Amino acid sequence: MNGIGAVLARRLMARRAGSGAIVLMALVVARAAGSALEMRSTNNHGWLRIASEGLSNQVHTIEYSTSFTNWTPVAVVHDGPFEFADPASGVLPHRFYRLVSRSKKTTDDGKNLVGFPTDPFLSQAENPDDVRWIKFAILLSDTNKVWFQDSSKYLFHYDFASLRLAPFKGMNRSQFDAATLYRSNQIAVLGAVLCPPGNSAELGIQFVGWDPYPSSELVAWYHLVRSAIFGAASASAYYMPMPEQAGIAEADRLYLEEHGALISRVERWLAGDACYSQGWALGRLVFVTASEIVAAYSDGRLKPEDILLTDGVPPEVPYVAGIISLVPATPNSHVAILARSYGVPFVYQVRPEDRARAVALAGQDVLLRLDVIGRYCKTTLAAVSPDLDPTLRAELLALKALGTIALTPKAPFGAIAADATGLTPADTKYFGGKAANYGLLHRVIPANSEPAIAFSFDLWDAFLDQELPGYGRTLRQEIQLRTQDYVYPPDVASAQLTLAGIRALIRDAARFNPAQQEAVLSALAVFDPLRKVRFRSSTNVEDSEQFTGAGLYDSYSGCPADDLDGDTAGPCRCDADESNERGVFRAMQRVYASFYNDNAWLERLRFRVNENDVGMAVLAHHSFPDECELANGVATVKFSKSYTYKSYDGELATQLGAVSVANPVDGSLPELVGFSGFSYSGSAVAPYLSHVQYSNLVPLGAHVMTWQND
């Protein structure tokens, strides 16, 4: 028998599951250096299980024949012991098996069976809390086996498949993607087995693809993969759909789970809950769907003193006492950054039973407290007795009383524009925080930051001092007249109508005068007139130690050529797909109008900001359309100082392309990288980087930006 030693044969009578037919199976037991092959009963799918004690550092090939003459490989397994369930055994009338063993070589980096909970093919963890994985491919020409790759050796599917799997040899990356990620002409399905950090009796199975997969096929692939994980029979296995598959998985949840593919998310393995902002809150727990938050705030169903329970976190949430989300959010979203700025607790509870309990408490007064110890988040959510002493309640809420915002009042600069690349934080009083800080950015990375122009508060004040046609008042006087009677908390519905009217005045009724227009276009002459310019909000009531103002104001793009062509007819000269002109003054007036966005104005009212001290300046630089964007991100940092010792720590949240980090709405999770460092007596230590979370929009193991250099 090919020199592998003595041969033993035996016959086994087995009834094929569900058919009633008697199937005659034969097994050849080949002994090779102590390895013996045996046949065991069928699994739940009627697949015969072929087992061996195996030997370490050996590669074993299970082969079959229908005639004892021509042998064909069934599966490649490594070491031992092992047990392989053969899907083909459920449909063939008979087949004979044998085992051929040999020593393992360095090129043996693919196999059809992996172990659980450990296996040499598992990826390497960058930190103890990382999820680990083994990537695999299922060739659609042979759906009876799964090809697992050594994921500590090959980071990506292509790296392994182009070397080891015959259909892909010689393919480039684009050809490989076309043959695996799209249903049209697909020749293989890619995926990964996920293992949680620590010792756990759980695993996850993912399938990769840009097009949704039919649930019937997902079920078949899911059970094929699970059967190829030796030692996982008692483990809880979950189907963890990628974002592209999440919609159809949710729609077909009942079908998938009835067929054994329980649906879950990787977030179930988080260490504790996901605390996006720690702190405590006492108030009524109010459930409002994400799409209804603005309406509920307007009509009084949701109030500033309430704790919001919601099924999703939109890009913007008005001020509330606390936030509990029933789905994962993003740590550096605008909502999370503002929550940290306000000291508002914001949490996603990982365990389903905890989320169910939160839903059951909706409508009651509760105490929410979030404590973060290292990377572990502990959530305390408790019902408050209706008999709580009102005096005690008032004393508790007094502890949450607002401080004051230390802001730099705006001041006249003496000109409407300046080169932003030379500005420093001291210029905040002239140009707002965003423009004043841009100079530092450009000086540090001049080759990777655009030249920029800053428009000062002088232009803002001149714009407000114009007389509105038909009103007999200046724009500034009209705004003051409409807002002067509001105190916090206002009638939100009334305030929203007032603010909408003010924004309409700024956008549509007011105008830059000819002299202002000439000065603006002159300042913008440094830019290519046929390329869009991004006009970014820059106020002196954000980016401070006490108040970030994240996401409260808006930015817009405009085309200089549209204001230089002498007409108002489209299309836009910077974008032929735009049928109307999109000039720079239109964009700047929309930035100005965002100063009176609902949540921006409500926050200034809440903090009792003197409106005469603040205003809207503008930072302008070339626009980067979404299709050109390679990555985007948000960085948060905290500094500490004690005598000559200075330390800092923070987090970088980055995401692929133009998919928003600040305002995610599609369930995408960004990559998270922590950083920290310190200096002592002027001697600085290089920062330490730690990987916290992978983006779910890049292949497992890949980074949004170059690790660690970028």
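# A guided tour of the predicted model

The structure holds two disulfides. A disulfide is a covalent bond between the sulfur atoms of two cysteines.

**Stop 1: the disulfide of Cys275 and Cys377**

Select Cys275 and Cys377 and display their side chains. These two residues form a disulfide, with 1.4 Å between their sulfur atoms. The bond links distant parts of the chain: Cys275 belongs to strand 17 (residues 274-277) and Cys377 to strand 23 (residues 376-383), 102 residues apart. Cys377 has a relative accessibility of 4% and therefore counts as buried.

**Stop 2: the disulfide of Cys559 and Cys574**

Next, select Cys559 and Cys574, which are joined by a disulfide with an S to S distance of 2.1 Å. This pair, too, links distant parts of the chain, its members being 15 residues apart. Cys559 is in the loop between strand 27 (556-558) and helix 15 (560-564), while Cys574 is in the loop between helix 15 and helix 16 (584-593). Which hand does this disulfide have? The torsion about the S-S bond is about 75 degrees, so the disulfide is right-handed. Cys559 is buried, its relative accessible area being 0%.

When the bonded cysteines of the protein chain are numbered in sequence order, the pairing reads 1-2, 3-4.

Cys572 takes part in no disulfide; the nearest cysteine sulfur belongs to Cys559 and is 4.2 Å away. With 3% relative accessibility, Cys572 counts as buried.

**Stop 3: two cis peptide bonds**

Remain in this region and select Gly570 and Pro571. The peptide bond that joins them is cis, with omega at about 0 degrees. Pro571 is placed in the loop between helix 15 and helix 16, the loop that also contains Cys574.

Then move to Tyr488 and Pro489. The peptide bond from Tyr488 to Pro489 is cis, and its omega is near -5 degrees. Pro489 lies in the loop between helix 12 and helix 13. For context, most residues other than glycine have a negative phi, and most peptide bonds are trans.

**Stop 4: helix 12 against helix 13**

- In helix 12: Leu475, Glu478, Ile479, Arg482 and Thr483.
- In helix 13: Thr498, Gly501, Ile502, Leu505 and Ile506.

The residues of this contact divide into five nonpolar, three polar and two charged.

**Stop 5: strand 14 and its partners**

Now select strand 14 (residues 202-208). This strand is mostly covered, with six of its seven residues buried. Two pairings can be displayed from here. Strand 13 (residues 188-195) runs antiparallel to strand 14 and is joined to it by five bridges; Leu190 has Val208, in strand 14, as its bridge partner. Strand 16 (residues 236-239) pairs with strand 14 in the parallel sense, over four bridges. There, the bridge partner of Leu203 is Ala237, in strand 16.

**Stop 6**

Select Lys135, which is found in strand 11 (residues 132-139). Is this lysine buried or exposed? It is buried, with a relative accessible area of 1%. Leaving aside neighbours within four places in sequence, the contacts of Lys135 include Trp147, Phe148, Phe156 and His157. Further contacts from elsewhere in the sequence include Gly191, Ala192, Pro699 and Leu700. Leu155 is also in contact with Lys135; the two residues are 20 residues apart along the chain, and their C-alpha atoms are separated by 8.7 Å.

**Stop 6: two positive phi values**

Asp79 is a residue other than glycine with a positive phi, near 60 degrees. Asp79 lies in the loop between strand 6 (72-78) and strand 7 (82-86), and at 17% relative accessibility it counts as buried.

Arg608 is likewise not a glycine, and its phi is positive at about 55 degrees. Its place is in the loop between helix 17 (598-606) and strand 28 (616-622). Whereas Asp79 is buried, Arg608 is exposed, with a relative accessible area of 58%.

Terms used:
Residues numbered from 1 in each chain as written. Predicted model: local features only at pLDDT ≥ 70, side-chain atom pairs only at ≥ 80, totals over all residues. Heavy atoms only, no water. Disulfide = S-S within 2.5 Å. Buried < 20%, exposed > 50% of the residue type's maximum accessible area, 1.4 Å probe, protein only. Pairing = 2+ DSSP bridges. Contact = heavy atoms within 4.5 Å. Nonpolar A, V, L, I, M, F, W, Y, C, P; charged D, E, K, R; others polar.
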